[in-house]
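Me: I have a model open and would like to learn how to read its features. Could you walk me through them?

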Amino acid sequence: MPEILTTKFKSDTTRLFINSLASDEYYLFVSAINEFDPSNSSFSKNEFLEKTLFGKKILNEDIHFMIKYYPWQKGLVYEEYDDREDLTEKKFYAVVGPNDNDTGDYRVYKCLNNNDSAEVSSPPNYDAAQVDQIYETADGYVWKYIYRLTDLEFEAYNALGYIPLVGEFDVNPAVVSGGVISDIVVENPLDNSGYVVETGGMIGSPFSSGVMIVDPFTTWSPIANYYVGQYIYTTNPSNGVSCLFEILYYSYNTLTTNAEIRVGADLISGQPNPVAAGVLSNASFQIFPRVKITGDGSGAIGIPNVSNGRITSITMLAGGSNYRNVVVEVVDPVFDFDPEDNTTTDVRATVRARISPYGNHGYNLVDEFKCRHFSFYAYITAENNTEIGDTNTYAGVGIVKNPEFAGASPEVFDNRIAIVTDDIDRVTANTTIIQLDSNNETVFSGIVHEVDASSNTFFIAEYMGPYQNNGSTGEGDTSLDLTLPFRNDIGQTIQINSPVASNVTLSEYIQRSGEVIFMENFFPLERTDLSREEFKFVLEY
């Protein structure tokens, strides 16, 4: 039995995660002085939490949906959008960077047509005056502009071959009933034949009844109603207004070589006749085969591009709306076109429509870009370094969801225990320090992470372990006993200065709390007071 795993499920799961940001908090945790095993097990996750050195809250604005980074590059072939194809992991969009545009940023364009899998040579260049934001470039590609990344956003958030979805887009757009017709594909552009285009100009103003007297630029057929059922496409040279009509009646005067054409409403504007639609007396026009669009939506209009008797492509004048199912055909001319007759060279054009994602291109970015990744961006600043340990090493980082704290959730927390003692000369960094009870049993153990002799203070890390928590110390979440001295690795006693409560600083983090959703280890990295770190995590559901 075949299995189909739709990326829609992964996109929805990612969307649910992003939606949870309103109620959940996420922190970067830095853990472990030395390497540890980050396997996907409860033991490893608990070990990661127990060895936490410090953490920093990740701001909601630094958590993003992520998509693959496909930079526009000359000579590549990009996949064109097709509603019949699974575009997952395919280059169906390109990111035009500052070196290839005039805007100085990163612009994401979706490929609507790749000119029969040609190599790209001309990047789309953004123009605010372009109403539909669809660009046909010199290499024959057609691109749809989707969104932009500033240079700062790109530098801050790109990671591991991914870039973020940014800007004011709707994570959960309203449900819509369908899409627009993105384009109409001619499937046999080199093989169809027998189609004719006629050109001409108006003679005087058209009548409001729909009658137009025209001057053919070539000799037209004298057969009555020869062009009935075809389109006439008019264009005013003075204002560029174009109108499209279906021909209802045709008559050719062989003496004057003029023709009378009667039409109905303008299919573009909906006006009832050429006068109302604004057709002027000096308008030029073309007559060509009608493209018939039948579907459960409405409003789509396409016209054929004919070259040497062949329909090479279809230009969409309007994409319509609410299409889920559609059939397109080029209506056969009534006369002198018979593909069924083997004695002719007539071949019918085969066409099909491609429906956009519901709501049109750029409406639902999460689903449209097959988004199943998200990123966390966290950073340690110079100011943060005054609040956490800036010495020694660390070997693990991770993301923890909803850790608990003794007070309000801090931006940054230091998870080490600070001890002030006059026995500071007995303390050495990276050695083990313990407490013993009356039975000479170890009840507390930790690693000296840092020694500050100038303030008689040392800092203990990795102090959790298989010991009973001491309910009278702090939040009762560690085994530290404030009534006992410490002993170093050679048995020397280290007393906490009196009063003890004033010379012990505990972490506000409730130990072992929070859900580890990601962790990673590496060769231990050394920290100094000059350390400035950026962490970029790209995760997948």
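Me: Before that, what should I know about the model and its numbering?

Reply: This is a predicted model, so to speak of local features we ask for pLDDT of at least 70, and side-chain atom pairs count only at pLDDT 80 or more, while totals for chains, interfaces and linings use all residues. Residues are numbered from 1 along each chain as its sequence is written, and side-chain values use heavy atoms, with hydrogens and water left out.

Me: How many helices and strands does the chain have?

Reply: Helices (H or I, at least four residues) and strands (E, at least two) are DSSP runs, numbered from the N terminus. Here the chain has six helices and 32 strands.

Me: What does the radius of gyration say about this chain?

Reply: The radius of gyration is taken over C-alpha atoms, and the globule rule is 2.2 Å times the number of residues to the power 0.38. For 541 residues, a compact globule would come out near 24 Å, but this chain has 36 Å. Look at the principal axes too: the C-alpha trace spans about 125 × 55 × 40 Å along them.

Me: And what share of the contacts comes from residues 24 or more positions apart?

Reply: Contact means heavy atoms within 4.5 Å. Taking contacts with a separation of 6 or more, 72% are between residues 24 or more positions apart.

Me: What share of the residues is buried?

Reply: Buried means under 20% relative accessible area, exposed over 50%, and partly exposed in between (1.4 Å probe, protein chains only). Buried residues make up 48% of the 541 in the chain.

Me: Can we try a buried one? Which residues does Thr52 touch?

Reply: Thr52 lies in strand β2 (residues 52-57). Leaving aside residues up to four places away in sequence, Thr52 touches Phe29, Val30, Ser31, Phe413 and Asn415. Thr52 counts as buried because its relative accessible area is 1%. For polar contacts, look for a pair of N or O atoms within 3.5 Å; within protein, one must be able to donate a hydrogen and the other to accept it, and residues adjacent in sequence count only if both atoms are side-chain atoms. A polar atom of the Thr52 side chain is 2.8 Å from the backbone oxygen of Leu49.

Me: Is Met212 buried or exposed?

Reply: Met212 is buried, with a relative accessible area of 0%. You'll find Met212 in strand β11 (residues 211-216). Beyond residues up to four places away in sequence, Met212 touches Met202, Pro206, Ile232, Ala259, Glu260, Ile261, Val263 and Pro274.

Me: Now the backbone. Which residues have a positive phi although they are not glycines?

Reply: Glu89 has a positive phi of about 65° and is not a glycine. Glu89 sits in the loop between β3 (63-68) and β4 (93-96), and counts as partly exposed because its relative accessibility is 45%. Asn440 has a positive phi of about 60°, again without being a glycine. Asn440 is in the loop between β25 (432-436) and β26 (442-452), and counts as exposed because its relative accessibility is 57%.

Me: Is the peptide bond from Ser498 to Pro499 cis or trans?

Reply: The bond is cis, with omega near -5°. Pro499 belongs to the loop between β29 (493-494) and β30 (504-505).

Me: What about the largest cavity?

Reply: The largest cavity has a volume of about 140 Å³. Of its 16 lining residues, the closest to the centre are Lys68, Glu89, Phe369, Lys370 and Arg372. The largest share of this lining, three residues, comes from β3.

Terms used
1 Å grid on protein atoms, 1.4 Å probe; cavity = no way out; pocket = protein on both sides within 12 Å on 5 of 7 lines; lining within 4 Å. Points joined across faces, edges and corners; volume = space filled by probe spheres on them.
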